[in-house]
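Subject: Handing over the two-chain model

Hi there,

Here is the structure I promised to pass on to you. Please open it first, and then read my notes alongside it.

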Amino acid sequence: MQCQICKKNEATIHLTEISDGIRTEMHFCELCAQEQGIAVKSQVPINELLSSLLAAQPADDELAGEPEQKHACPRCGFTLEQFRKEAVLGCPYDYEVFDKILLPLIEKAHGGKTTHRGKVPSKTSVDTKKQIELMTLRQQLEAAVQSEDYELAAELRDQISRLE
Amino acid sequence: MKLTDISSNINEWFDGSGPLADIVISSRIRLARNLAEYKFLSRCSTAEKTEILNKLRDTLMSLELGDKIFYISVDQAPVLDRHFLVERHLISRHHAFGKGPRGVVIAQREFFTAMINEEDHLRIQVLKGGLQLSQCREQINHIDDMIESKVNYAFSPRYGYLTACPTNLGTGIRVSVMLHLPALKMTGQIEKFLNATRDMNLAVRGLFGEGTEAAGDFYQLSNQVTLGVSEADIVSRFEDTIIPEIVEYEMQARNQLLLKEIDVLDDKISRAMALLKNAHLISSQEALFLLSHLRLGINMHEHMGASTPAIESLCTFSGPGGDAGKTGGLSITTINRLFMLTLPAHLQLNYGKPLDPTHRDVLRAKIIRSALNQDM
């Protein structure tokens, strides 16, 4: 489809406007869309994404009743205020201390994923490895139920109970 | 080892070899890791950073990599050397101009580097020419295992490898593929490519030059999601789906140029050659832009048997940069050499001292002229 303004480039931006019950469709190329003041960015840099996610989080003082979120990490003294400024954490333990705040952010940054899959250090204890396997199986079980694959779900359920 | 030992040559991953190397310049995988017993760098004192640096440097220097390895103390290196390491893709800009004690371990053949105290305690990377992601993954996994047997990485069962920034969490893997897409640009389809990559949650940057500007039609494509998807799945999505599709689109665009837009193609190639052969002042950006068109012409001849008047004149070229005896024309190696050796820090390091921008432009034009003109 051609851009309806320059009638030259391929239209890559498609807008549907509904006003007073009348539906209007518009098709622009990126260049013309920009000239029309329709904000288009080819790529959102990761730090920009992160700061916008952080800005959407409630500030420390809005989190009354959740004292653990208001305090500094007992191990490194890091606070959420610093995280907002620097976009990096203070120590590995911060992932536990600030879990409630970080979880939605992690979810958004990783396309909805919140649990690790993949390499595990070989030094990891047998218990931890079992814990990881259980988490992976539970995720697979959830997906199987969602896709109504009950045969697979039953198999996964049995595997989980054997491990537990 | 001195940097001048490598600065007069291109690195292995840019020598034009490897699968699909006419379009895929190189494949890179990097892993972000942190030591369990230390805070992340933003909370470390200088003394703690030095301790981490020494510990990781000793560990890395004792690795058996099948190549000589050397260490550069980045915070103490001259500014020009740091620019050179960035141009060479051996360290990041952030590492070159960051703060505090930090260093880099480099394998002499440049397939492996390890940045110590960048954003994370350790960032290791493996680089290979063409599309070789599985090979990169195998090698980096092996190196990671060797390091891990000597140190304790910060790891959580739920979040995987713990990184200073939550965007690298989980596998800590960043897969990057460098692509040369001049035909998509010439046929006005590059925006479509950029939009498609955004929809797939991928990041695109320029390979050379500052920031996101893709100088010389070189693009670097990387994954953004590092959590909840295994290393193998991330790599195979790139290697089996994303990259072959992009290569196919670029090939279609090259065919389209040959079938319908020969004049556009020949005009770009001929103008590029005329300017490069005659210019007396040329900026780094302009050189990348023009060399990109010559690279396209030579690759279309070698890989698609293309033979337009402009491509023919490149291929019968027998100047000092030509390889008339072997391939009958200007070689891709010559073009790749010109791409890399005319970058600002390469120019200055090989010249032996810092030069102001105008003198760099004069020297760059002279090097290019002497490679492309028969009579110089």
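This is a predicted model: local features need pLDDT of at least 70, side-chain atom pairs count only at pLDDT 80 or more; totals for chains, interfaces and linings use all residues.

Residues are numbered from 1 along each chain as its sequence is written, and chains are lettered from A and ligands numbered from 1 in the order in which they are written.

**Confidence in chain A**

The predictor's confidence in each residue, from 0 to 100, is called pLDDT. Its mean over chain A is 78, with 79% of the residues at 70 or more. Helices (H or I, at least four residues) and strands (E, at least two) are DSSP runs, numbered from the N terminus. Please take care with residues 60-65 of chain A, where pLDDT stays under 50. For that stretch the model has seven contacts beyond four places in sequence; a contact means that two C-beta atoms, placed from the backbone, lie within 7 Å.

**The layout of chain A**

Chain A has two strands and eight helices, in the order β-β-α-α-α-α-α-α-α-α along the sequence. Of its 164 residues, 20% are buried, meaning that 20 or more other C-beta atoms lie within 10 Å of a residue's own; exposed means 12 or fewer, and partly exposed in between, with C-beta atoms placed from the backbone. Among contacts in chain A with a separation of 6 or more, 27% join residues 24 or more positions apart.

β1(A) and strand β2 (residues 22-28) of chain A pair in the antiparallel sense over seven bridges; pairing requires that DSSP finds at least two bridges. A:Glu17 stands opposite A:Thr24 in β2(A). Two residues lie between the strands of this hairpin, and A:Asp20 takes a positive phi near 50° there.

A:Cys6 sits in the segment before β1 (13-19) of chain A. Is A:Cys6 buried or partly exposed? A:Cys6 counts as partly exposed because it has 13 C-beta neighbours inside 10 Å. Beyond its neighbours within four places in sequence, A:Cys6 is in contact with A:Cys29 and A:Cys32. The C-alpha atoms of A:Cys6 and A:Cys29 are 8.2 Å apart, although 23 residues separate them in sequence.

**Where the chains meet**

The contact takes 39 residues from chain A and 43 residues from chain B. On the side of chain B that touches chain A, α7(B) gives the most, with five residues. By class, that side has 18 nonpolar, 15 polar and 10 charged residues. Here Ala, Val, Leu, Ile, Met, Phe, Trp, Tyr, Cys and Pro count as nonpolar, Asp, Glu, Lys and Arg as charged, and the others, Gly among them, as polar.

**The core and α10(B)**

The largest nonpolar core has 126 residues, of which B:Val104, B:Leu179 and B:Leu294 touch the most other members. Such a core is a set of buried Ala, Val, Leu, Ile, Met, Phe, Trp, Tyr and Cys residues joined through C-beta atoms within 7 Å. Helix α10 (residues 284-304) of chain B gives the most to this core, with eight residues. α10(B) is mostly covered, with 15 of its 21 residues buried. B:Gly305, which follows α10(B), has a positive phi near 65°.

Best wishes
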